[in-house]
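Subject: Handover of a structure, with findings

Dear colleague,

Please find the structure below, together with its sequence. I would ask you to keep it open while you read the notes that follow.

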Amino acid sequence: MNAHWDWHYVHEILPILGEAALITLQATLLGFALALVIGLVLAVCRMAANPLVRHAAAAVVEFIRSTPLLIQIFFLYYGLPEFGLALDAMLAGLIAIGLHYGAYCAEVYRAGIDNVPRGQWEAAAALNLSPQATFRRIILPQAIPPIVPALGNYLVALFKETPLLSAIGVLELMQTAKILGSESFQYTEPITLVGLYFLVFSLLSSGLIRLLERRLGVRAASRS
Amino acid sequence: MPANRTGSAGTSPTGSSPAAGALAAAAILGFAGGLVVSSFAGFRDFLPELLRGAAVTVQVAAGGSLVAVAMALLATAARLYAPLPLRWLAVAYVELFRGTSALVQLFWLFFVLPMFGISLSPMTAGIAALGLNIGAYGSEVMRGAIEAVPRSQWEAASALSLGRFRTLRRVILPQAFVTMIPPWGNLFIELLKATSLVSLITLSDLAFKAQQLNQTTLRTVEIFGIVLLIYLALSLLVTLAMRALEHRAGRRLLRGKETG
């Protein structure tokens, strides 16, 4: 039993955790990039003219949001090989995270696109722009800036869920901390350090988002 | 993670597409359920074991919900009405648990606390960690809902010479209660989904049973397919219950307005 905090041990494990932190960061950024793309696709499908596509997309979003990310990770990691598609743990995890947060982002995109005034579509039609060009050049550029803070919140949420990757053995922070703990029987330092790492990054990034919110708010106000 | 399905709590209480979402979910549930029954051979062998796991999941979710609501109430009361040191403590609690990851909190309670001489059973650690985590988000929801009640309500109550406490209890909280039901519904679903984490501290919940069966039978797609459907059904139950509660609370508020 050691209730005290061992600074010597902290010095020993910090470099190892630092390397693992890079993996966590990598998983966060790649996962979020994937979520942004998947989210946009799902959002466009949810607004498709074809009711079948629309309802299928809504069902997929609802399904993904109602079931745990951990099970989705297991499903992809253990299940895909049955279809002849064996992915390594990191890739399977990234796809699961991208899908899960893509479903959340789809709702954000949809709100942003819905908020662009109908007159913009009509004006673009009057100028003889094709629907694709209207969407890409007129609607999206107006829809994205107001939703940046909401998307940022999902980035922070996604970051905090990357420890789930430890369940399939990805050597990110949590898994590394667990291994360190089980080697030395000193869990206090590694797990507390991981907690601190998440706390610092979350506080920093939510501060950044607030700043961004204020700047975007100022811009939106000055424009209108 | 949580507090983000909340969306526009103030304007449209049920969120973006109330009936459509539930209907869609019900539709896939029915469709996939049929698929399970018709084509997944041997799913009868898995089901009893998985349902036993689901019972543990429900237990953790129910316990966690109670802890979450209690913690949210405490933290909100402290943040709004307590003297300064207590207020700081509440802010620290909310920021700490919102700022770190649920899994880290769970592991901390389960692996680190024993080093300080406090050993929790997996069940207790699971309920405590999830309850504390969701409670922090819930406190933000409660504070938002209370602050969203128009200032004029306080003024009107004071014009009627109601005391501060009675204003809060009879005027402000009933209105805030209705606005906070939908975001709490989302939080309960987040909590339900987060219960899967307790499988990582050896509690034999639904996710744990799924992994166990998967290792012995290797029928991955069937097992995890059924498990996803069970979670979906549980989420749907939470959604329906919260919608019923919202409906009743809204009606009661309206009746109060008519008679009072």
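In which loop of chain B is the place of Ser101(B)? Ser101(B) sits in the loop between helix 3 (84-99) and helix 4 (102-112) of chain B; helices here are DSSP runs of H or I with at least four residues, strands are runs of E with at least two, and both are numbered from the N terminus.

Before going further, please note that this is a predicted model, in which local features need pLDDT of at least 70 and side-chain atom pairs count only at pLDDT 80 or more, while totals for chains, interfaces and linings use all residues. Residues are numbered from 1 along each chain as its sequence is written, chains are lettered from A and ligands numbered from 1 in the order in which they are written, and side-chain values use heavy atoms, with hydrogens and water left out.

Ser101(B) is buried, with a relative accessible area of 1%. The term buried means under 20% relative accessible area, exposed means over 50%, and partly exposed lies in between (1.4 Å probe, protein chains only). Leaving aside neighbours within four places in sequence, Ser101(B) is in contact (heavy atoms within 4.5 Å) with Lys160(A), Pro163(A) and Phe198(A). A polar atom of the side chain of Ser101(B) lies 2.7 Å from the backbone oxygen of Lys160(A). Within chain B, the C-alpha atoms of Ser101(B) and Asn133(B) are 8.6 Å apart in space, and the two residues are 32 apart in sequence.

**The two chains**

Chain A has eight helices and zero strands, and chain B has nine helices and zero strands. Of the 224 residues in chain A, 50% are buried; of the 260 residues of chain B, 49% count as buried. Chain A exposes about 11100 Å², with carbon and sulfur atoms supplying 67% of it. Chain B exposes about 12200 Å², and carbon and sulfur atoms supply 67% of that area. These accessible areas come from the Shrake-Rupley method with a 1.4 Å probe, and for residues only the protein chains shown count as cover.

Contacts between residues at least 6 apart in sequence can also be sorted by separation. In chain A, 75% of them join residues at least 24 apart, and in chain B the share is 78%.

**Where the chains meet**

The contact takes 48 residues from chain A and 48 residues from chain B. Chain A and chain B bury about 4000 Å² between them, 71% of it on carbon and sulfur atoms. Buried area is the accessible area (1.4 Å probe) that two parts lose on being put together, summed over both. Ile71(A), Phe75(A) and Lys160(A) supply 14% of the area that chain A buries against chain B, more than any other three residues.

Across the interface there are ten residue pairs in polar contact, both residues being at pLDDT 80 or more. A polar contact is a pair of N or O atoms within 3.5 Å; within protein, one must be able to donate a hydrogen and the other to accept it, and residues adjacent in sequence count only if both atoms are side-chain atoms. The largest share of the side of chain A that touches chain B, nine residues, comes from helix 8 of chain A.

**Salt bridges**

How many salt bridges are there between chain A and chain B? The count is zero, whereas over all chains it comes to nine. A salt bridge is a side-chain nitrogen of Lys or Arg within 4 Å of a carboxyl oxygen of Asp or Glu.

In chain A, the side chains of Glu107(A) and Arg46(A) form a salt bridge, with N to O at 2.6 Å. Glu107(A) lies in helix 4 and Arg46(A) in helix 1 (residues 7-46) of chain A, so the pair ties together parts that are 61 residues apart in sequence. Both residues are buried.

In chain B, Glu49(B) forms a salt bridge with Arg52(B), the closest N and O atoms being 2.7 Å apart. Arg52(B) and Glu49(B) are three residues apart in helix 2 (residues 43-81) of chain B, and therefore separated by about one helical turn. Glu49(B) also forms a salt bridge with Lys209(B), at 3.2 Å between the closest N and O atoms. Lys209(B) lies in helix 8 (residues 206-217) and Glu49(B) in helix 2 of chain B, so this pair ties together parts that are 160 residues apart in sequence. Lys209(B) is buried, with a relative accessible area of 12%, whereas Glu49(B) is partly exposed at 22%.

Finally, Arg79(B), Arg98(B), Glu140(B) and Arg143(B) are linked in a network of salt bridges.

With kind regards
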